[in-house]
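Please examine the model displayed here before reading the dialogue that follows.

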Amino acid sequence: WYQRRVREAVVSTQSTGLRKGVGVLIFALLIHSIFEGLAIGVEARSSVFMQLAGAILIHKCVVAFAVGARLIEAEQEIKGIVIYMSVFCIGTPIGIAVAIGILEGMASLDAVTVALVSGIIQGLSTGFFLYITFAEMIFDEMRNNKDLVLKVLFLAIGCSIIGASTIIHNYSEAKAAAGISSSPTSNP
């Protein structure tokens, strides 16, 4: 009887801890989503805006699946799941609206000031993303020594792919800006 009661108390405590952890997770994701929206909202070029929106949409689908699994693991009721997921989903539109509102409010200012404020917002968004990625997610994953070599390997591969694609993209944009064609031309 005693051992069963202790086990029930431990499971109850773990479940309560999971539920509290879910609230903190949803709050952190809300802030993260607001910064995602800020990053999208300050982008003036429609092509880059669409690329950012598409990338964040794909990212949010994966995160939504993980959050849903976490909510089910924490044994949340349907009402709680709907509330948490609604809070998670509303962050990005709020961030976009805030960024557009800031930039619209600054429309009468000179282009340098607008660019400076836009850069500050993008810098804050990027800094927040990097902090969450490196200080929270990767650190927590690396603490678990299971498959550590594979984790480090895939981290290095992912960073290399992102770095290489950024270099290629910037190189092709620089060539386009300079008017250099990448296709071979035939000389008559």
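**Helices, burial and pairing**

Read along the sequence, the protein chain shows the pattern α-α-α-α-α. This is a predicted model, in which local features need pLDDT of at least 70, side-chain atom pairs count only at pLDDT 80 or more, and totals for chains, interfaces and linings use all residues. Residues are numbered from 1 along each chain as its sequence is written, and side-chain values use heavy atoms, with hydrogens and water left out.

Student: How many helices and strands does the secondary structure of the protein chain come to?

Tutor: Helices (H or I, at least four residues) and strands (E, at least two) are DSSP runs, numbered from the N terminus. On that basis the protein chain comes to five helices and zero strands.

Student: What distance separates the end C-alpha atoms of H2?

Tutor: The expected span of a helix is 1.5 Å times one less than its number of residues. H2 has 28 residues and should therefore span 40 Å. The model agrees, its end C-alpha atoms being apart by 40 Å.

Student: Which residue forms a salt bridge with Lys60?

Tutor: A salt bridge is a side-chain nitrogen of Lys or Arg within 4 Å of a carboxyl oxygen of Asp or Glu. The structure holds one, and its closest N and O atoms are 3.8 Å apart. The partner of Lys60 is Glu36.

Student: Where in the chain do Lys60 and Glu36 lie?

Tutor: The pair links distant parts of the chain, 24 residues apart. Lys60 is in helix H2 (residues 46–73), and Glu36 is in helix H1 (residues 2–41).

Student: What share of the residues of the protein chain counts as buried?

Tutor: The protein chain has 188 residues. The share that counts as buried is 23%.

Student: How many disulfides does a search of the whole structure find?

Tutor: A disulfide is a pair of cysteine sulfur atoms within 2.5 Å. For Cys61, the nearest cysteine sulfur, that of Cys89, is 9.5 Å away, and Cys61 is in no disulfide. The search of the whole structure finds zero.

Student: What is the relative accessible area of Cys61?

Tutor: Cys61 counts as exposed. Its relative accessible area is 52%.

Technical notes:
Buried means under 20% relative accessible area, exposed over 50%, partly exposed in between (1.4 Å probe, protein chains only).
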